[in-house]
Amino acid sequence: MEAALQDMALIIDSLEGYEDLETLLGSLRARVEPLLDEADIKLLWKLEDVPRIDADNTSHNLNIIRILQEAITNAVKHGRPQTITIRSDKNSISVLDDGCGFDLDTVRTKTRTHSGIGVNGMKHRAEEAGIHCQISTGSNGTHVALIWDRPCEYKCAPQNTGKPA
């Protein structure tokens, strides 16, 4: 029940239409940090800068949060990490763990289960949000990166104010 409530809170947060991803990430952190503490997993939070998102497109916001949530959940469930790191710059957000990794080719061929969206689902959600999802894994852990082609992809062009230039 607790997990369902946490999940619902993340959905509600993503639907608020926040203008910056930093606010959504802060909400994600507030929700997962206590859970990671309980699992004795250290969370490192390294936000140097964050990509801009389209505050008016709640489905994109939800997709981004869901991908990050799935990466964290997969690390905890399958990777047995000691540390999970969330880091960002103006063009990307990454989830890194120091767990055991997995065979990416095997996972890609599995069908979606009822308990998660899987690697294919993460990539599909990224495409829907107009970003790239790169996943690399090995015996030293897994790295899930969400990458924007251009910084400030949304709302960068000057807004039409209706006044002549």
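A: D40 counts as exposed, at 68% relative accessibility. Here buried means under 20% relative accessible area, exposed over 50%, and partly exposed in between, with a 1.4 Å probe and protein chains only.

Q: What sort of model is this, and how are the residues numbered?
A: This is a predicted model, in which local features need pLDDT of at least 70 and side-chain atom pairs count only at pLDDT 80 or more, while totals for chains, interfaces and linings use all residues. Residues are numbered from 1 along each chain as its sequence is written, and side-chain values use heavy atoms, with hydrogens and water left out.

Q: Back to D40: where does it lie?
A: D40 lies in the loop between α2 and β1. Helices (H or I, at least four residues) and strands (E, at least two) are DSSP runs, numbered from the N terminus. The C-alpha atoms of D40 and T83 are separated by 9.0 Å, and these two residues are 43 apart along the chain.

Q: What about the phi of D40?
A: Phi of D40 is near 60 degrees, a positive value in a residue other than glycine. Most residues other than glycine have a negative phi. R80, also not a glycine, has a positive phi of about 50 degrees.

Q: Where is R80, and is it buried or exposed?
A: R80 is in the loop between α3 and β2. R80 is exposed, with a relative accessible area of 64%.

Q: And H78, which element holds that one?
A: Helix α3 holds H78, and H78 is exposed at a relative accessible area of 52%. Its C-alpha atom is separated by 8.1 Å from that of C100, 22 residues apart along the chain.

Q: Let us change topic to the overall layout. How many helices and strands are there?
A: The protein chain has five helices and five strands. Read from the N terminus, the order is α-α-β-α-β-β-α-α-β-β.

Q: What percentage of the residues is buried?
A: Of the 165 residues in the protein chain, 40% are buried.

Q: How many residues are in the largest nonpolar core?
A: That core has 32 residues, and those with the most contacts inside it are I64, L68, I72, I84 and L146. A nonpolar core is a set of buried Ala, Val, Leu, Ile, Met, Phe, Trp, Tyr and Cys residues joined through side-chain atoms within 4.5 Å.

Q: Which elements contribute to it?
A: Elements that each supply at least two residues of this core include α2, α3 (58–79), β2 (83–89) and β5 (141–147). The largest share, seven residues, comes from α3.

Q: Turning to charges, how many salt bridges does the structure hold?
A: The structure holds one salt bridge (a side-chain nitrogen of Lys or Arg within 4 Å of a carboxyl oxygen of Asp or Glu). The side chains of R29 and E33 form it, at 3.5 Å from N to O.

Q: How are R29 and E33 placed relative to each other?
A: They are four residues apart in helix α2, so about one helical turn separates them. R29 is partly exposed at 30% relative accessibility, and E33 is partly exposed with a relative accessible area of 26%.
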